[in-house]
Amino acid sequence: MDKVAIVLISHSAKVVEGVADIIRQMVPNVSVGLAGGTEDEEIGTSIEKIQAAIEEVYNDQGVLLFYDIGSAKMNAELAIELSGYDHVVVVEAPLLEGAFVAAVEAGMGKTLEEVREAAENV
């Protein structure tokens, strides 16, 4: 059975890689997409990278997007609009702690709303 998936968005590719390492070791049965940095590997965010990460992990249970700072949220919201998918939500939670809690909850088979709520209550 599919589980809620997670996309990590950061201005730094290294940040999302590190957070993903933690999640994948602790909760290997949850899909994690990465959107860190720009296309030319600079600091910043990329709508295209976010869209690609959503596409990579999307399933009928939905996808939660976690972001670090500033423009990452705006780009996440725009990527959702452009993706055309239902059940893709930006989460208001700390990137590391929120995404980790979400992965644990998703790994237990909880719904998109239950996972989002748990992450936002970190």
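Student: Where does Glu 41 lie?

Tutor: Glu 41 lies in the loop between strand S2 (32–36) and H2. Please keep in mind that this is a predicted model.

Student: Why is Glu 41 called exposed?

Tutor: Exposed means over 50% relative accessible area. Glu 41 has 56% relative accessibility, so Glu 41 counts as exposed. Its backbone is worth a look too: Glu 41 has a positive phi of about 60 degrees although it is not a glycine.

Student: Which loop holds His 87, and what is its phi?

Tutor: His 87 is in the loop between H3 and S4. Phi of His 87 is near 65 degrees, a positive value in a residue other than glycine.

Student: How many aromatic pairs does the structure hold?

Tutor: There is 1 aromatic pair. The rings of Tyr 58 and Tyr 85 have their centres 4.0 Å apart, with their planes at 15 degrees.

Student: Why is that pair called stacked?

Tutor: Ring centres must lie within 6.5 Å to pair, and planes under 30 degrees apart count as stacked. The values for Tyr 58 and Tyr 85 are 4.0 Å and 15 degrees, so the pair is stacked.

Student: Why can we say that this pair ties together parts that are apart in sequence?

Tutor: Look at the two loops. Tyr 58 is in the loop between helix H2 (47–57) and strand S3 (63–67), while Tyr 85 is in the loop between helix H3 (71–83) and strand S4 (88–90), so the pair ties together parts 27 residues apart in sequence.

Student: Why are H2 and H3 called oblique to each other?

Tutor: H2 and H3 pack at an angle of about 55 degrees, with their axes 9 Å apart. Angles under 35 degrees count as roughly parallel, and roughly perpendicular begins at 65 degrees. H2 and H3 are therefore oblique to each other. Their crossing is right-handed.

Student: Which residues make the contact?

Tutor: Ile 47, Ile 50, Gln 51 and Ile 54 come from H2, and among those from H3 are Asn 75, Ala 76 and Leu 78. By class, the contact of H2 with H3 has 8 nonpolar, 3 polar and no charged residues.

Student: What makes Ile 9 buried?

Tutor: Buried means under 20% relative accessible area. Ile 9 has 0% relative accessibility, so Ile 9 counts as buried. Ile 9 lies in strand S1 (residues 5–10), and the residues it touches include Ile 50 and Ala 76.

Student: At what angle do H4 and H5 cross?

Tutor: The axes of helix H4 (residues 95–107) and helix H5 (residues 112–120) cross at roughly 145 degrees and come within 8 Å. The crossing of H4 and H5 is right-handed.

Student: Where do H4 and H5 meet?

Tutor: Gly 98, Val 101, Ala 102, Glu 105 and Ala 106 in H4 meet Val 115, Ala 118 and Ala 119 in H5. These residues divide into 6 nonpolar, 1 polar and 1 charged.

How values were computed. Residues numbered from 1 in each chain as written. Predicted model: local features only at pLDDT ≥ 70, side-chain atom pairs only at ≥ 80, totals over all residues. Heavy atoms only, no water. Phe/Tyr/Trp six-rings, centres within 6.5 Å; stacked < 30°, edge-to-face > 60°. Helix = DSSP H or I, 4+ residues; strand = E, 2+ residues; numbered from the N terminus. Axes fitted to C-alpha atoms, helices over the stretch in contact; angles between N-to-C directions. Parallel < 35°, antiparallel > 145°, perpendicular 65-115°, else oblique. Left-handed = near helix turned anticlockwise from the far one by under 90°. Contact = heavy atoms within 4.5 Å. Nonpolar A, V, L, I, M, F, W, Y, C, P; charged D, E, K, R; others polar. Buried < 20%, exposed > 50% of the residue type's maximum accessible area, 1.4 Å probe, protein only. Lists of a residue's contacts leave out its neighbours within four places in sequence.
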